[in-house]
Amino acid sequence: KGNIIVGQSGGPTAVINSSLAGVYKTAKDRGVTKVYGMLNGIQGFLEERYIDLSDYIKNDLDIELLKRTPSAFLGACRYKLPDIHKDKELYEKIFEILNKLDIECFVYIGGNDSMDTIKKLSDYAIVTGQTQRFIGVPKTIDNDLALTDHTPGYGSAAKYIGTATKEVIRDSMGLVYNKGLVTVIEVMGRNAGWLTGATALAKGEDCEGPDFIYLPEVIFDLDNFLEKVGKQLAKKKSVIAAVSEGIKIADGRYVCELSANVEYVDAFGHKQLTGAANYLANRLSEKFGCKTRTVELSTLQRSAAHLSSLVDINEAFQVGGAAVKAADEGDTGKMVVIDRVSDDP
Ligand code: F6P
């Protein structure tokens, strides 16, 4: 039986290692001799940086610990594999390393770019008559992968975001200012609004939830935003707006993505970049003279250990194991999905 190599790619999550643990456990249960882990994904693999996971995982307790440890144990990368016709030598090199390590199954835990890698490698294997199998394991806090009901990593991030939002709201209610306070919470997710939507989880018996939620799927109207917040400020002294990092403004001529990319020149002539929350906070204080505060949840929402969801941990573990089973059954060029109806990934 051939060996397995597994890699982690893209933004870390609280449960990315749960999938790694699932791959390892299932592979070992099925008698695979060696389970290699590529360091920093395909980027490290190309530099022949990999480890034998058995040097680190000695028993079931190690598997359990890995399962519950957030952020990428193997390290990840943001590397987009070029198209086959653009760099044939690169593909030849990849398959040379795979053959050298006697790899039968290549598992990649990641998001959109990682699934693209899986597809390209499996296409190349088929075209060149090689037998390795390539399987993708979904992972992203953004919840933006097609076909799967949801993505492992999203649940934990959503739980963190809901809890953090509630804490921010509680604090901001505790002290009011004469001209009011607007707190703008910026949430990750690129072009998908699932994470920003999760700020609504703050709502409950003890918390009203955010006053406004702005998602990236809807073109952002600055005048309308200012008008609405202004009206709310007149009613209550503390207003909370949750905005996605990827909201886009349309001014008739162009659509400008706000996510940390709006450039401005400061008083000293230095170019600065600002994200959505800072940009909006500046517009609000300009217009209303109110106090503003920004909360960028940033990387906290990705790998916060204490709020990992147990369901998320277990699902991530299961999809890891399912990847090994799928390859064993002859699948290649596919991603494991979570099917909500059967609950059996
Ligand atoms: O894709 C996950 C994600 O956390 C996005 O929500 C975010 O836009 C992006 O990664 C940030 O990536 P990086 O940490 O590489 O800047």
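Which residues in α1 meet which residues in α3? In this predicted model, where local features need pLDDT of at least 70, side-chain atom pairs count only at pLDDT 80 or more, and totals for chains, interfaces and linings use all residues, Asn17, Ser18, Leu20, Ala21, Tyr24 and Lys25 in α1 meet Ile63, Leu66 and Lys67 in α3, two residues being in contact if their C-beta atoms, placed from the backbone, lie within 7 Å. Residues are numbered from 1 along each chain as its sequence is written.

By class, this contact of α1 with α3 has five nonpolar, two polar and two charged residues; Ala, Val, Leu, Ile, Met, Phe, Trp, Tyr, Cys and Pro count as nonpolar, Asp, Glu, Lys and Arg as charged, and the others, Gly among them, as polar.

The table gives the helix pairs, with helices being DSSP runs (H or I, at least four residues) numbered from the N terminus, and with axes fitted to C-alpha atoms over the stretch in contact and angles running from 0 to 180 degrees between N-to-C directions.

| Helices | Axes come within | Crossing angle |
|---|---|---|
| α1 (residues 16-29) and α3 (residues 60-67) | 7 Å | roughly 150° |
| α8 (residues 222-235) and α9 (residues 276-288) | 11 Å | roughly 60° |

The helices α1 and α3 are therefore roughly antiparallel to each other, a term for angles over 145 degrees, whereas under 35 counts as roughly parallel, 65 to 115 as roughly perpendicular and the rest as oblique. The helices α8 and α9 are therefore oblique to each other.

For the predicted complex as a whole, the predictor gives an ipTM of 0.97 and a pTM of 0.94.

Notes: Helix = DSSP H or I, 4+ residues; strand = E, 2+ residues; numbered from the N terminus.
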